[in-house]
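Reader: Please show the model under discussion. The questions that follow will refer to it.

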Amino acid sequence: MKSNDSKFLSFLGAPAQRALINELGISKLEDLSRYTKKDLLRLHGFGPSSLPKLEAELTKRGIQWKDQS
């Protein structure tokens, strides 16, 4: 992974960064509004310990998860 590829996800561990970028094609935090928490937890390399960090960052920026219904 190039160092610039995951700069916007630097608060997450490398496996979680790779999962979001490589498996979902996430290129900016706003892209996550297309997914639910359950979607992310299904990714290889993205575990439950990554969710609170990601959720805090999204909340700070006013970004919401996709509705789970």
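Reader: In which helix does Glu57 lie?
Author: This is a predicted model, in which local features need pLDDT of at least 70, side-chain atom pairs count only at pLDDT 80 or more, and totals for chains, interfaces and linings use all residues. Residues are numbered from 1 along each chain as its sequence is written, and side-chain values use heavy atoms, with hydrogens and water left out. Helices are DSSP runs of H or I with at least four residues, numbered from the N terminus. Residues 50-60 form the helix that holds Glu57, namely α3.

Reader: Is Glu57 buried or exposed?
Author: Buried means under 20% relative accessible area and exposed over 50%, with partly exposed in between (1.4 Å probe, protein chains only). Because its relative accessibility is 13%, Glu57 counts as buried.

Reader: With which residues is Glu57 in contact, leaving aside its neighbours within four places in sequence?
Author: Contact means heavy atoms within 4.5 Å. With those neighbours set aside, the partners of Glu57 are Phe11 and Leu29.

Reader: Where does Thr36 lie, and which residues does Thr36 touch, not counting those up to four places away in sequence?
Author: Thr36 belongs to the loop between α1 (14-24) and α2 (37-41). Its relative accessible area is 9%, so Thr36 is buried. Not counting residues up to four places away in sequence, Thr36 touches Trp65, Lys66, Asp67 and Gln68.

Reader: What pattern does the protein follow along the sequence?
Author: The secondary structure comes to three helices and zero strands. Read along the sequence, the pattern is α-α-α.

Conventions: Helix = DSSP H or I, 4+ residues; strand = E, 2+ residues; numbered from the N terminus.
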